[in-house]
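Please work through each task before reading its solution.

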Amino acid sequence: MEMEAVESNGSHGAADRRTPKRDHRIFWASVFILANNCFQCIAYFGVSTNLVNYLKDQLHEGSKAAANGVTNWLGTSSITPLVAAFLADAFLGRYWTIALFMVISVVAYVVLTVSAAVALESAAFYAGLYLLALGGALQPVLSSFGANQFDESDEGERGRQSSFFNWFYLSINVGSLVGGTVLVWVQSSVSWGLGYGIPALFSVLAAAVFLAGTTAYRRHQPPAGSPLTRVAQVVVAAFRKCGVEVPEDASTLHECEDVDGMSAIQGSRRLAHTDQFRFLDKAAVETAADKAARPSSSWRLCTVTQVEELKCVLRLLPVWASGIIFAAAYTQMTTTFILQGDTLDPYVGGFRVPAAVLSVFDTLSVMLWVPLYDRVVVPLARRATGHDRGFTQLARMGVGLVVLTLAMLAAGALEVARRGVIARHGMYDTNTGGGGDDGRYLPLSIFWQVPQYVVVGASEVFTFIGQMEFFYDQAPDAMRSLCSGLSMTSFALGNYVSSALVTVVARATARGGRDGWIPDDINRAHLDYFFWLLAMLCVGNFGVYLLIARWYTYKKSVG
């Protein structure tokens, strides 16, 4: 397989910029990557959406065991992207990491399909499932590889790179919509074998599409060795020189010779010195002992760029932490929103709409907001702010934090209305809501939940996409996949925080024989109080986020 020569810094000369041939290549590279991501997501959501029912109906697991099986697998699937990202940045490069993990993914889907088709033992199914958790962990690497197709030194391409993240997230939601509806129907109405065979086919198509675009990909970040080793070297060198004074003139700190703005780290541009975390600068202070021992060990003397790599990661951590509360509120779509919807009237004519299906309005909202944001909001914001992306990345994420607060308020307002209906109809003490045996539901349409799902979708477009772009842009060149993978772990932790919050609130409010806010009988619940609590947490999180955004120093490359 022939590949284009690696470009160490990913930039081209001015004479090469924005030619029709180059624009054509970028367009097709983006198409191949977006199509690959969409096909992967169709396959992934075709398995994950209905997994709990497979474990219950086909493997005959109990409800609790099946639920735990799904959450354990999803938790693993949220951690394994860091493995792929580390391999991409450190050893294999992004292209070959994607190719390798897609092969693993195809094998995993084949194992799942065979297991479902011929009813193999559960051990075989779980082997395929956890192989998929590894092979399907490509989003941070794939998004970084896609963004790598654009030249950040070119203003026009930098704007198109921002648009790429919008369309990348849209492709995820298209995959979610198809996989979570059409393939779930096939599994439920036709057969599990076919329902898993189709995802296997899409995984093969995803691999074929990615490989077909090989000649169009023009920007390959070379692997730069273990970033964990470089981070450890800075920490060790700084502590070994804890008694050394950092000079006021940062230009005297150790750096490699300037060769077209490149650093000593393979494929990484030099980073400008920043004043934050000055203790770490000690690692770049060249002492008499360092000069006498040339070449000095990297465990004693580091370059400014190597120090700034660690500073970049440290600056990202508070922004990463702010995403945990956002994710905890966001995940209510799959928990308390459904509990609320289970008690509402699900019928449209004679057709019953399950509460969980309403999440499709979140997906549709994202699909509406992505082009609206890209084609309407950004141009209007650009005129108002003068910023080439409309908003700064931090501002974009902040808007999403506020919008999600509105979704929690909408859910709380509906809960107040729902409790009012219970009081008027004398149903507070019944346990028949949510499709009880007598089929009774509250005389309040489930479609009153649509606004809160739509608002959640809007918040995703601002915060989740903004986070994806921010962690790519602000990461050091040689750590972009890893930092993109790190951003995804805030979502996993948000799910754990949500579970802990529900447990604590349920126990704390049910003392003294009271029902509490979240009892088993949801008609006795005070979900409105719980939604108000989440709204307050979102407001508090936004207040802290404003302080983080004010403190944050954007990365600046040299050359």
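Helices (H or I, at least four residues) and strands (E, at least two) are DSSP runs, numbered from the N terminus. The model is predicted: local features need pLDDT of at least 70, side-chain atom pairs count only at pLDDT 80 or more, and totals for chains, interfaces and linings use all residues. Residues are numbered from 1 along each chain as its sequence is written, and side-chain values use heavy atoms, without hydrogens and water.

**Exercise 1.** Locate H60 and classify its accessibility.

*Solution.* Step 1: H60 sits in the loop between α2 (51-57) and α3 (63-79). Step 2: residues are buried under 20% relative accessible area, exposed over 50% and partly exposed in between (1.4 Å probe, protein chains only). Step 3: H60 has 65% relative accessibility and therefore counts as exposed. Step 4: although H60 is not a glycine, its phi is positive, at about 60 degrees.

**Exercise 2.** Check the span of helix α12 (residues 304-330) and determine its burial.

*Solution.* Step 1: the expected span is 1.5 Å times one less than the number of residues. Step 2: for the 27 residues of α12 this gives 39 Å, which agrees with the 39 Å between its end C-alpha atoms. Step 3: because 22 of the 27 residues are buried, α12 is largely enclosed by the rest of the structure.
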